[in-house]
Amino acid sequence: MGDNSAPMRVSGPGAAAVLAAAIAGFALGVLALAADAIPALARILNFWNLTGPLSGVTDIAIIAWFVSWFALSRRWVGRNPNLQRVNLAAALLLVGGLLLTFPPVMDLLQDK
Amino acid sequence: MEITFREALTIVHGMFFGALLLLSFAGSAIGLYAISASTNSWTPSLSQRNFLSVYLAVMALLAWAAVLLGAYAIYPWYRAHPPAGTLDLTGYPQRLLLSNAATAGWHDIGMEWKEHIAWLAPISLTAVAYLFAHYGTDLRFHKPLRNAAFCSTRAGLHRGVCRGLLRRHAQ
């Protein structure tokens with residue numbers, strides 16, 4: 001339990017959770033744009049026909065989330081990474097992912 | 001008054017899971033702030049800490065339930081393709097929206113964006129639940145992590161509000 005003395009846990013695991021969530025968001029954006037731009041990829045990502053390419057986009061984004069969370073947790077176990085840089089990277093990845101999923105931006109990048 | 005099965009499931013998706021999730025954000029924001037404020041912070045008892053931990057976990061579960069139900073049950077109904085020659089598109093919402101230039105944008109913005117950004121809410125809320133479960137009151141000593149927890153919670157709220165508004169207008 002926390003008290004007013006020095007922190008009891010290193011920040012590594014928390015940083016891994018934050019950055020992994022952001023990586024998932026960015027992966028979602030990249031895959032959404034790619035599926036929209038490349039019909040062949042959209043067919044590949046059609047893991048479940050009723051949901052369409054969204055099923056593959058989201059499944060792979062979640063896999064990327066788990067893999068990155070596990071990898072970052074292993075890398076930062078027992079360590080205190082630079083949280084300012086982690087938060088900045090996470091913010092940029094999340095904003096990037098949000099923009100890439102925004103249809104007007106998707107159309108702009110595809111010159112539609 | 002009759003409600004079809006599809007309408008009932010859509011209500012569960014939006015008005016139960018979704019609305020309950022949106023309502024829960026206020027409590028999570030207050031709890032996280034009270035515990036992790038760097039000055040005059042609240043030191044909860046073990047049971048209070050566990051309650052907030054469960055609260056945040058339930059929020060993440062609500063988000064997952066809403067998103068999974070939406071993507072794998074309701075979204076297929078939305079994007080269903082009508083048989084050739086169908087004139088009445090009321091049973092095919094995506095086609096109905098796209099059939100009119102005045103409403104096509106609601107598909108683009110209302111549904112195509114929503115179906116993707118919705119997934120960021122359960123992911124970020126899971127991270128928040130983990131952060132609190134792992135660090136608890138120690139969050140007050142990790143200001144960047146505390147800020148990340150607040151931002152993730154707030155971002156989840158924004159996405160939830162966007163989802164609700166976009167879906168409402170697309171209908």
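Analyst: In chain A, 78% of the contacts with a separation of 6 or more are made by residues 24 or more positions apart, a contact being two residues whose C-beta atoms, placed from the backbone, lie within 7 Å. This is a predicted model, in which local features need pLDDT of at least 70 and side-chain atom pairs count only at pLDDT 80 or more, while totals for chains, interfaces and linings use all residues. Residues are numbered from 1 along each chain as its sequence is written, and chains are lettered from A and ligands numbered from 1 in the order in which they are written.

Chain A has five helices and zero strands, and from the N terminus its elements read α-α-α-α-α (DSSP runs numbered from the N terminus, H or I of at least four residues for helices and E of at least two for strands). The radius of gyration of chain A is 17 Å, whereas a compact globule of 112 residues would have one near 13 Å (taken over C-alpha atoms, with the globule rule being 2.2 Å times the number of residues to the power 0.38). Along the principal axes, the C-alpha atoms of chain A fill a box of roughly 55 × 30 × 20 Å. Of its 112 residues, 43% count as buried, with 20 or more other C-beta atoms within 10 Å of their own.

Within chain A, the axes of helix 1 (residues 12-37) and helix 4 (residues 83-101) come within 7 Å and cross at roughly 25°, and these two helices of chain A are therefore roughly parallel to each other (angles under 35 degrees). Helix 1 of chain A passes helix 4 of chain A in a left-handed crossing, and the residues of this contact divide into 19 nonpolar, six polar and no charged (Ala, Val, Leu, Ile, Met, Phe, Trp, Tyr, Cys and Pro are nonpolar, Asp, Glu, Lys and Arg charged, and the others, Gly among them, polar).

Chain A also touches chain B, in a contact that takes 30 residues from chain A and 32 residues from chain B. On the side of chain B that touches chain A, the elements giving two or more residues are helix 2 (46-78), helix 4 (101-117), helix 5 (120-135) and helix 6 (143-170) of chain B. Helix 5 of chain B gives the most to that side, with eight residues, and by class the side of chain B that touches chain A has 18 nonpolar, eight polar and six charged residues.

Terms used. Axes fitted to C-alpha atoms, helices over the stretch in contact; angles between N-to-C directions. Parallel < 35°, antiparallel > 145°, perpendicular 65-115°, else oblique. Left-handed = near helix turned anticlockwise from the far one by under 90°. Buried ≥ 20, exposed ≤ 12 C-beta atoms within 10 Å, placed from the backbone.
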